[in-house]
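Visitor: Please show me the sequence together with its fold, and then let us go through them by question and answer.

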Amino acid sequence: IMSQELHKWSHMTKKEVPEWVNTMQNVGISIGRIAHAKHHMAPYDGNYCIVSGVCNEVLDNSGFFRWMEHRVYDINGVEANSWKLDPELKAKTLRGEYR
């Protein structure tokens, strides 16, 4: 539940949250607004970590999120938003090319 609160706060302005939340974001304990906003910008292909964002670079560069998108697609047929914008990314992911 707390992870969802941290995520929610990353969508709110500094004035809308308690000062201690702003402090947590400023020192990197929880994900800040700017770092999290990258997840909501085209091509929507990374920055999925919503607690602190500390793992985003490693997971993005390792291909982990591409692999997870592939698994989700295999299970329920739902395509990642990034695939809708980049058919080549979809093709690469479905070939198992995750980086």
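Visitor: How many helices and how many strands does the secondary structure of the protein come to?

Guide: This is a predicted model, in which local features need pLDDT of at least 70 and side-chain atom pairs count only at pLDDT 80 or more, while totals for chains, interfaces and linings use all residues. Residues are numbered from 1 along each chain as its sequence is written, and side-chain values use heavy atoms, with hydrogens and water left out. Helices (H or I, at least four residues) and strands (E, at least two) are DSSP runs, numbered from the N terminus. Read along the sequence, the pattern is α-α-α-α-α-α-α, and the count comes to seven helices and zero strands.

Visitor: What percentage of the residues of the protein count as buried?

Guide: The C-alpha atoms fill a box of roughly 45 × 25 × 20 Å, taken along the principal axes. Buried means under 20% relative accessible area, exposed over 50%, and partly exposed in between, with a 1.4 Å probe and protein chains only. Of the 99 residues of the protein, the buried share is 30%.

Visitor: Among contacts between residues at least 6 apart in sequence, what percentage join residues at least 24 apart?

Guide: A contact here means heavy atoms within 4.5 Å. Among contacts in the protein that join residues at least 6 apart in sequence, the share joining residues at least 24 apart is 33%.

Visitor: How do the residues of the contact of α1 with α2 divide into nonpolar, polar and charged?

Guide: From α1, L6, W9 and S10 meet W20, V21, M24 and Q25 in α2. Ala, Val, Leu, Ile, Met, Phe, Trp, Tyr, Cys and Pro count as nonpolar, Asp, Glu, Lys and Arg as charged, and the others, Gly among them, as polar. On that scheme, the residues of the contact of α1 with α2 are five nonpolar, two polar and no charged.

Visitor: With which side chain does the side chain of H7 make a polar contact?

Guide: H7 lies in helix α1 (residues 2–10), and, leaving aside neighbours within four places in sequence, H7 is in contact with H36, H40 and I50. A polar contact is a pair of N or O atoms within 3.5 Å; within protein, one must be able to donate a hydrogen and the other to accept it, and residues adjacent in sequence count only if both atoms are side-chain atoms. At 3.2 Å, the partner of the H7 side chain is the side chain of H11.

Visitor: Which backbone oxygen does the side chain of H70 reach at 3.1 Å?

Guide: H70 is placed in helix α5 (residues 64–76) and counts as buried because its relative accessibility is 9%. Leaving aside neighbours within four places in sequence, H70 is in contact with W83, T93, L94 and Y98. The backbone oxygen reached by the H70 side chain at 3.1 Å is that of T93.

Visitor: Which residues make the contact between α5 and α7?

Guide: The axes of α5 and helix α7 (residues 87–94) come within 9 Å and cross at roughly 80 degrees, so α5 is roughly perpendicular to α7. The residues of this contact divide into three nonpolar, two polar and one charged. They are R66, H70 and Y73 of α5 and L89, T93 and L94 of α7.

Methods
Axes fitted to C-alpha atoms, helices over the stretch in contact; angles between N-to-C directions. Parallel < 35°, antiparallel > 145°, perpendicular 65-115°, else oblique.
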